[in-house]
Amino acid sequence: MTADRDEILQAVSSAVLAVTRHLSVREVLQVIVRSAQRLLDARYAALGVPDEEGSFGEFVAEGITDKQWDAIGPLPRQHGMLGAMLREGAPVKLPDLRKDPRFEWWPKAHPVMKDFLGVPIRDGEQVLGIIFLANKRTPGGFTQEDQDLLTLFAAHAAIALTNARLYERGRELAMLEERNRVARELHDAVTQKLFSLRLTAQAAGTMLTRDPGKAAVELERVQRLAGEALSELRAVIVELRPAELDRHGLTETLRKHVRMLDRLHPSLVAFECGELPPLDSAVEVAVLRVAQEALHNALRHSGASRVLVRLAYEDGKLALTVGDDGSGFEQADSRGLGLVSMRDRAESVGGVLTVESAPGQGTTVRVEVGV
């Protein structure tokens with residue numbers, strides 16, 4: 001290291017602290033990539049975590065827009081330089097990636113990358129992932145000092161990534177235990193209701209011809225019991241945390257949901273997201289459910305040609321906005337659009353829901369929650 005050793009170590013320390021403040025694996029991966037990109041002044045940075053099927057289970061990047069990612073296509077497989085680094089487990093520094101014999105090809109929409117620096121993130125002998133940088137903004141490409149710095153950072157990143165995985169695994173086990181408890185309660189409560197429902201329906205059937213008046217009373221009881229059973233089912237189900245949130249966090253779960261809807265509907269459904277702080281579990285669930293309900297309304301009822309979902313952190317608040325260019329509505333006629341449910345969800349985590357709409361003016365649903 002050179003005379004600015006203290007400055008460099010401070011930069012590494014700041015980057016590592018930024019990583020360790022995040023607990024979900026996805027958040028840790030994103031912060032590792034962002035920190036490495038800033039630390040070494042690279043135009044592009046990415047991190048791939050291998051799966052057991054010859055591809056990457058997780059792949060995050062900085063410097064490439066969502067639109068570019070959509071054009072590039074599926075996650076890369078373990079071929080070319082990425083595959084070679086996974087097999088060899090050693091750093092790679094190149095003045096021109098394209099001239100190395102291990103380089104194979106890029107998808108058509110992939111940005112052109114020249115100077116390249118890749119370092120494995122290791123836990124003992126196991127390669128947890130590969131972090132690589134390309135196109136250093138400073139002329140001259142990556143140096144040996146850059147490689148040493150990224151290797152040092154990767155060693156600390158491995159600890160943060162391992163801790164995040166352990167945290168998520170512990171959370172998954174806790175959630176599994178909670179789901180089992182809920183399932184037991186659901187079984188007990190609903191089984192009793194359904195048993196009473198069956199007996200009452202049988203009694204009504206036997207009375208139908210000889211005492212229609214009593215049969216009518218019993219049928220009214222059937223309706224009431226059925227409604228109670230349905231309410232209990234809904235009350236339990238809506239409180240279950242979606243499994244996707246445990247695995248990917250709010251941003252990625254909502255991104256995947258939007259992409260799925262964009263493929264399934266003729267409307268253009270887009271997603272934008274800024275950098276978010278760590279979020280409470282209950283906030284993630286509430287915001288996801290509001291987004292899903294608002295998207296359902298926009299795609300099923302508004303006739304919109306475009307729907308935009310936006311997540312942002314603004315003035316200490318998480319802000320979700322779902323806006324469409326559809327037909328809009330008179331707010332006095334909005335009782336059937338799930339707005340009461342969305343407002344209840346927002347308020348359950350201390351948030352505020354607002355709706356802006358008018359006939360022919362589209363609709364915007366916005367939730368703000370302090371985090």
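Is Asp315 buried or exposed? Asp315 is exposed, with a relative accessible area of 80%. The views below come from a predicted model, and here is a closer look at a few spots in it.

**View 1. Asp315 sits in the turn of a hairpin built from strand 7 and strand 8.** Two residues separate the two strands of this hairpin, and Asp315 belongs to the loop between strand 7 (306–314) and strand 8. Look at the backbone here: phi of Asp315 is positive, about 55 degrees, although Asp315 is not a glycine. The two strands run antiparallel and are joined by eight bridges. To pick out one of the pairings, find Leu308, whose bridge partner in strand 8 is Gly323.

**View 2. Strand 7 also pairs with strand 6 (residues 268–273), and here the strands run parallel.** Six bridges hold this pairing. Cys273 is a handy landmark, with Leu311 in strand 7 as its bridge partner.

View 3. At the start of the helix, a side-chain oxygen of Asp280 comes to within 3.0 Å of the backbone nitrogen of Ala282. After the helix comes Gly303, which has a positive phi near 70 degrees.

**View 4. Helix 4 (residues 80–88) is mostly covered.** Seven of its nine residues are buried: Gly80, Met81, Leu82, Gly83, Ala84, Met85 and Leu86. What does the covering? The cover includes strand 1, strand 2 (56–62), strand 3 (92–94), strand 4 (116–123) and strand 5 (126–136). Just past the helix, Gly89 has a positive phi of about 65 degrees.

**View 5. Asp146 is a buried residue of helix 5.** The helix covers residues 144–207, and Asp146 has a relative accessible area of 10%, so it counts as buried, the cut-off being under 20%. Its side chain reaches back to the backbone nitrogen of Thr143, at 2.9 Å. Setting aside neighbours within four places in sequence, Asp146 is in contact with Leu40, Leu117, Lys136 and Gly141.

**View 6. Asp41 lies in the loop between helix 2 (25–40) and strand 1 (42–50).** This is a residue other than glycine with a positive phi, near 55 degrees. Asp41 is partly exposed, with a relative accessible area of 31%.

View 7. The mean pLDDT of the protein is 80, and 78% of its residues reach 70 or more.

Methods: Residues are numbered from 1 along each chain as its sequence is written. Side-chain values use heavy atoms; hydrogens and water are left out. Helices (H or I, at least four residues) and strands (E, at least two) are DSSP runs, numbered from the N terminus. Buried means under 20% relative accessible area, exposed over 50%, partly exposed in between (1.4 Å probe, protein chains only). A polar contact is a pair of N or O atoms within 3.5 Å; within protein, one must be able to donate a hydrogen and the other to accept it, and residues adjacent in sequence count only if both atoms are side-chain atoms. Contact means heavy atoms within 4.5 Å. pLDDT is the predictor's confidence in each residue, from 0 to 100. Two strands pair if DSSP finds at least two bridges between them.
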